[in-house]
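Me: Let us go through this assembly by question and answer. Please show the sequence and the structure.

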4 protein chains.
Amino acid sequence: MRSPIPDYLAEALRSVEADQSGATADYIPELADADPDLLAAGLCTVDGHVYSAGDAGVEFSIQSISKPFVCALALADRGFDAVLEKVGVEPSGDAFNEISLEPGSGRPLNPMINAGAITTHTLAGPEEATPEARVERIIDGLSAFAGRRLQVDESVYHSELSHAYRNRALANMLRAHDIIGEDPLVAVAGYTRQCSLLVNVDDLAVMAATLANRGINPVTGAPVVSAKVVRQTLSVMATCGMYDGAGDWMTRVGVPAKSGVAGGLIGALPGQAGIATFSPRLDRHGNSVRGVELFERFTADMGMHLMEVPPAAPAVIRDRRVLGAGHGKVLLLALQGDIRFAGGERVAREFQERPPAEKRVAISLRRVSSVDDVARRMLLEAVRRLTLDGHDVYLIDPDTVLPDPEPGTGGRVTVYRHVDELEAGSDD
Amino acid sequence: MRSPIPDYLAEALRSVEADQSGATADYIPELADADPDLLAAGLCTVDGHVYSAGDAGVEFSIQSISKPFVCALALADRGFDAVLEKVGVEPSGDAFNEISLEPGSGRPLNPMINAGAITTHTLAGPEEATPEARVERIIDGLSAFAGRRLQVDESVYHSELSHAYRNRALANMLRAHDIIGEDPLVAVAGYTRQCSLLVNVDDLAVMAATLANRGINPVTGAPVVSAKVVRQTLSVMATCGMYDGAGDWMTRVGVPAKSGVAGGLIGALPGQAGIATFSPRLDRHGNSVRGVELFERFTADMGMHLMEVPPAAPAVIRDRRVLGAGHGKVLLLALQGDIRFAGGERVAREFQERPPAEKRVAISLRRVSSVDDVARRMLLEAVRRLTLDGHDVYLIDPDTVLPDPEPGTGGRVTVYRHVDELEAGSDD
Amino acid sequence: MRSPIPDYLAEALRSVEADQSGATADYIPELADADPDLLAAGLCTVDGHVYSAGDAGVEFSIQSISKPFVCALALADRGFDAVLEKVGVEPSGDAFNEISLEPGSGRPLNPMINAGAITTHTLAGPEEATPEARVERIIDGLSAFAGRRLQVDESVYHSELSHAYRNRALANMLRAHDIIGEDPLVAVAGYTRQCSLLVNVDDLAVMAATLANRGINPVTGAPVVSAKVVRQTLSVMATCGMYDGAGDWMTRVGVPAKSGVAGGLIGALPGQAGIATFSPRLDRHGNSVRGVELFERFTADMGMHLMEVPPAAPAVIRDRRVLGAGHGKVLLLALQGDIRFAGGERVAREFQERPPAEKRVAISLRRVSSVDDVARRMLLEAVRRLTLDGHDVYLIDPDTVLPDPEPGTGGRVTVYRHVDELEAGSDD
Amino acid sequence: MRSPIPDYLAEALRSVEADQSGATADYIPELADADPDLLAAGLCTVDGHVYSAGDAGVEFSIQSISKPFVCALALADRGFDAVLEKVGVEPSGDAFNEISLEPGSGRPLNPMINAGAITTHTLAGPEEATPEARVERIIDGLSAFAGRRLQVDESVYHSELSHAYRNRALANMLRAHDIIGEDPLVAVAGYTRQCSLLVNVDDLAVMAATLANRGINPVTGAPVVSAKVVRQTLSVMATCGMYDGAGDWMTRVGVPAKSGVAGGLIGALPGQAGIATFSPRLDRHGNSVRGVELFERFTADMGMHLMEVPPAAPAVIRDRRVLGAGHGKVLLLALQGDIRFAGGERVAREFQERPPAEKRVAISLRRVSSVDDVARRMLLEAVRRLTLDGHDVYLIDPDTVLPDPEPGTGGRVTVYRHVDELEAGSDD
């Protein structure tokens, strides 16, 4: 059987193929002369499988899509305080205001605009690194996100550098405000190098999937940045990733995303997948026309909008029954599904509203797939309170979805692999 | 056993109690004279259980927290196009720019600023409704969100109306741009009435929980707005709900939220819960000081940040084995957990990478808690392709997590309640 | 002989007649339906003679041209401090920013934008005046500027008032900032009444000439406002009178001016004349297209640009000679022309560089037309110093251009009508 | 006798000496370490006499005071169109907006802000000049304005250049918008050199006096720029010379002016004098505190406010009488003073309102000091019309204040040196 995913991607590409609106970026020949009809999409799951369709092998410069990843590297290398002191996290609102520095401090509003991205570029790597070493650190880091060694397109690099007046203006302004502490020309050269790295949609899909997978590259298994850094990076992408159309993107597509002027576009679906598209014609915001269309379709088809409230989960309590009788009598509460806050609360409520009459209480996790952190704490607190109320508490946990249970002061729990170990004479 | 939730809420309140920074709103005596030490928190689960702690019974005026709900009513009553024609969805960026109308069109940037909220006020109810009927529609609608009849605080209403020069300025400006089509004074009076509705933290928690529950009030069970309206409303809250601190809130708290000048603050945790706090002292942004602290704590404790990538879910494929032998031989793929896009993809990939040699293929959903829409479509597509490849396909679905399976053209599937019905002579 | 002025005006009108670009104001029918071909110009000299050409008898609403005059009335009635506390004097720079209030204080940037004009409207007349009395004060004041009783066009008034949403927005914003202290609707009604006063180009020329004549109506001779108020009013017109084109107007035309949306335009040529034009088609700034062209022509033809440096005046010292001999010998310094600072300085320098050897020194003012204040002080100081140096000093002043000469401590001067009175035996 | 001017200047300095508010510019040591108590004033008349008081010999860097002079050089060298294409003439309104480029075009709002000054720097000299030649042209030009060779302070130059990040930012932004066409670093280096020229108050007074004297250096007699360039330069100084306080300066001082960050301040009094002050402590706008106070005093004392309406000039018509009788009868109209537009109009009106009965009409200019351009044209037009009405017209012009009178088609005039030449048998 062939997986339906490639077919789906190919069909999605076909559905937008006819749209020839927009134009390639015109400020350097290397971008202006790109084949405007190129079209590709890639998807990487959080367990590391990559699908792609269209011109998936074609490489193009990463441009602004490098911004969230270098921001992540800066957060990882220097810490949150050092980065936030120099770059904000607020959407800039204004498109035409190409400066977007905070009045007074000169701090760029966020790391997704050029001024902020130049700043985070200078914050990657150790503080004492030379500019060359810093660029190496960034290429290493982006390569780690992508899972293969990325190369600089020297021709794009030189062409962009020779047109980089606006970025030099920004860097000088940043230097005037002591937001960056070095020669502005050097900072711009390094930043331009970062933007000239060559990627294809597979690379970008893996990079986005690394964000969707708590910072661990799902293909190579290498940890690139921490989950905390990922959370910050995705948050900034969500509010600032699409320039002045942040609100529009959030309502219509609803995933953290970033676009690049060469036609790339990525989205990260936390816990699920990274997605990338490539089509060089841009709209007036500088986003890929067909890329935006593809993401709107993905959202509609895949329900990946962050604000999409999932349909009601099945009841976390699958069954409540009393096993055995007399001395060995046990109240068994059988749970199911992925348990998060709401599931944990439901279980706690169950014990409050219907206090067990039996001395022995067993909670079966046999049908439970996962228990997240807050749910784990709530279940263990429920165990502790039951103990304090005089109950003997048991967990039936054949797959160890709740490892090392420690119910806290006064709590006590016995773990069994199978309900039979309760010796109550019955099964759940 | 007592539920740990009220204890948790009480303890959270205690942890912020000492902070007396900030000040009550000072523009009307009714708000200025509020007891600044009042402090409460409420939580409502998506299955309708309400917890609260502190001064939970104290009523206060809803103020700006009414904005997302009235925006939802307008979207429901007039449709997306009619509303978006008159109000944008972009964060305003600037705090001090109290006008925030699009140059030229005069369209308010979003429905969470006053200009936008006055506009959505005029868009609630049927187009031909009188202003009085419209206010009634809004009170009815907000009461439906809250699950009880809300009352206007007439003293707050009259006091605010007599100080509403800024809102009258906005309404006149909107009228000048034909964003609203009626007497600006009437619009402001209605909007002020909307803001003067009295609520307590329980009400607000239920209102937020209705958003977290796809628009269905989890306490009364009444459908208030559609899931599509909820998605739009939550999106706008996420990017514009906290004024000029949208990015800061998104990175630090990470839930769609809205604050009010009387000291209320709500957050909606999609699919989980609605949360509300109340503490009248405000920071310079106009948000409740201790409310913001409480939400930061809730996020840290409950892992409710939208960009928090969940830890890797357990493998969706719990087991793959061949049952029986010879003629009756069946390949059984046993799945588990809540299956979303990534799970569906994994199953499809399994059949592609390891094509079944057996003619009969069974997929057991016995340990599956839920299958979302995209996963359902992928599983059924896999069934169809298997059929086309010449297989006989079976679903073992004792709890009907995949009702009415229709694999599409060329596909065929037989559903059993128990694996024994396969008559292969084995069990999963 | 016919004066060439009317011919000049008529010829100027003919030269712009063909230009039909621009459009009448379209926000009320009364302005939109004005005959767009109407064309007139008027000029009033500072001695009160009025010339006009074209449709000089046609009346139109004064609109924004009322602003500088009402500003002058407010300055006269309440004093500079009271007015400047509420309205600034800075150009607004931005055209599209229709609000232009100082961030924080809410003070309108200047009295030539609507927000500032509404504010100065409320500052005319005594503080305790009723709104009705204040409107009467304004009509009286503008009538005094015009030299005849002006009437309100009730139809324009009612039409504008029914469309005055933007002005109501401004007035409410001003009220919110306590810039105005009364009901915003009442302020807007009064301001609209002020704008609806009917004038023709003769009226406007006289009004402008009153400013050009130190505040004294040159036709009626009535003092309307003080010279100090006039200076302030002309200064504000010079920097803010032409909206966002202030710098363009200053460089190209160079006279204090004000335009109105009904097609009027005035300019004041200090000490010379007031000029007015009328042509209803407006450019995108809201200024009369042909009015602007006419003023550019007037500037070129009449050399009325404020920054036009006059060609070098003839030497103030017409002659220096010694009259008589022996005992009666007198040094006679004969001056000429209008003496201002530079002339006074020249005379002082003459005595310093070429100290008189004669005991008797006479200064003849017979050929002097005028002596301004600073020149008077300098001449008298020179007299005083000559006295202290031991000279006897005489003024020959047949026309009393230097009345009541008081040279200050230690100075002494004898005034003669004719040089013969010196009894030196010669003539100048 | 000693001239009272130096005493006046010295007394003015004494009156502000005690004010120690403000602070020296702190961005480079050379300015920060200036002696803050230095205080000087200079005045140069339009006939080239220079007065000064206080620390008049102390040199300091010209800084922004170079801007209007280099703007004048650019206008002279490239023409108005070439300059206005690249730099506007509008006040920027906003102080904190250090960029002030027109949205879209990137054109600096005016040549008095840094972005505009860098632009005009690149427009000085011939288009093909090397940057070095251009700097030489500018030093030559400013030296011509000052009347002596100015020198660059190399230490200030190098110090400023090493801190010139903001100017580099501006220059790069200008380059990005193609407002300047060269290497931004080179432009900034040249501009910084221009700002580092050393001047004292005497130099600045002469430079300002050159503007006040139609572009001719009154000390050296050298023509530096044309009267048309001067008019444009003074206009821009009047509206943009004092940054965001343009309106405040215009109302309170009322002369075209420019300040520099080293503490210099100049004002030009068209047709009268140039004035300069020096005191290093600056207010928050960057203007010299005591310099501003001195100018306010000068305005009050010298009546030099541009909007100060001069008191009514004496009647232009000194006498009207009939000389002789019978055949030789002549109507003699004797004029006086400086005749400008208003005087010319008055004469024309005289002939219209009281048409001469006599065939012979004589106009005596014996008591007239000057006739400006428009008045000359009006007088000659009156002569022409009188001729056409059948009169014989004579001018009595002993001092040739109306040289080469050509009354135009149909007009004819006879010029006499003395009234006796009329042979009417009488005197005026």
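**Chains and contacts**

In chain A, 60% of the 428 residues are buried (20 or more other C-beta atoms, placed from the backbone, within 10 Å of a residue's own). This is a predicted model, in which local features need pLDDT of at least 70, side-chain atom pairs count only at pLDDT 80 or more, and totals for chains, interfaces and linings use all residues. Residues are numbered from 1 along each chain as its sequence is written, while chains are lettered from A and ligands numbered from 1 in the order in which they are written.

Me: How many helices and strands are there in chain A?
Reply: Helices (H or I, at least four residues) and strands (E, at least two) are DSSP runs, numbered from the N terminus. The C-alpha trace of chain A spans about 85 × 50 × 35 Å along its principal axes. Chain A has 15 helices and 12 strands.

Me: Among contacts in chain A between residues at least 6 apart in sequence, what percentage join residues at least 24 apart?
Reply: A contact means that two C-beta atoms, placed from the backbone, lie within 7 Å. For chain A, with pairs at least 6 apart in sequence, the share joining residues at least 24 apart is 67%.

Me: Which axis relates chain A and chain B?
Reply: Copies are superposed by least squares on C-alpha atoms of residues with pLDDT of at least 70 in both. Chain A can be laid on chain B with an RMSD of 0.1 Å, by a turn of 180° and a shift of 0.0 Å along the axis. The two copies are therefore related as by a two-fold rotation axis.

Me: Which helix gives the most to the side of chain D that touches chain A?
Reply: Here 12 residues of chain D are in contact with 12 residues of chain A. The chain D side has 8 nonpolar (Ala, Val, Leu, Ile, Met, Phe, Trp, Tyr, Cys, Pro), 3 charged (Asp, Glu, Lys, Arg) and 1 polar (the others, Gly among them) residues. With 8 residues, the top contributor in chain D is helix α8 (residues 165-176).

Me: How far apart are the nearest C-alpha atoms of chain B and chain D?
Reply: Chain A and chain C do not touch, and their nearest C-alpha atoms are 14 Å apart. Chain B and chain D do not touch either; for their nearest C-alpha atoms the distance is 13 Å.

Me: Which residues of α11(D) make the contact with α3(D)?
Reply: Helix α3 (residues 66-78) of chain D and helix α11 (residues 227-240) of chain D have their axes 9 Å apart. From α3(D) come D:P68, D:C71, D:A72, D:L75 and D:A76. From α11(D) come D:V229, D:Q232, D:T233, D:V236 and D:M237.

Conventions:
A residue is buried if 20 or more other C-beta atoms lie within 10 Å of its own, exposed if 12 or fewer, and partly exposed in between; C-beta atoms are placed from the backbone. Axes are lines fitted to C-alpha atoms, for helices over the stretch in contact, and angles run from 0 to 180 degrees between N-to-C directions.
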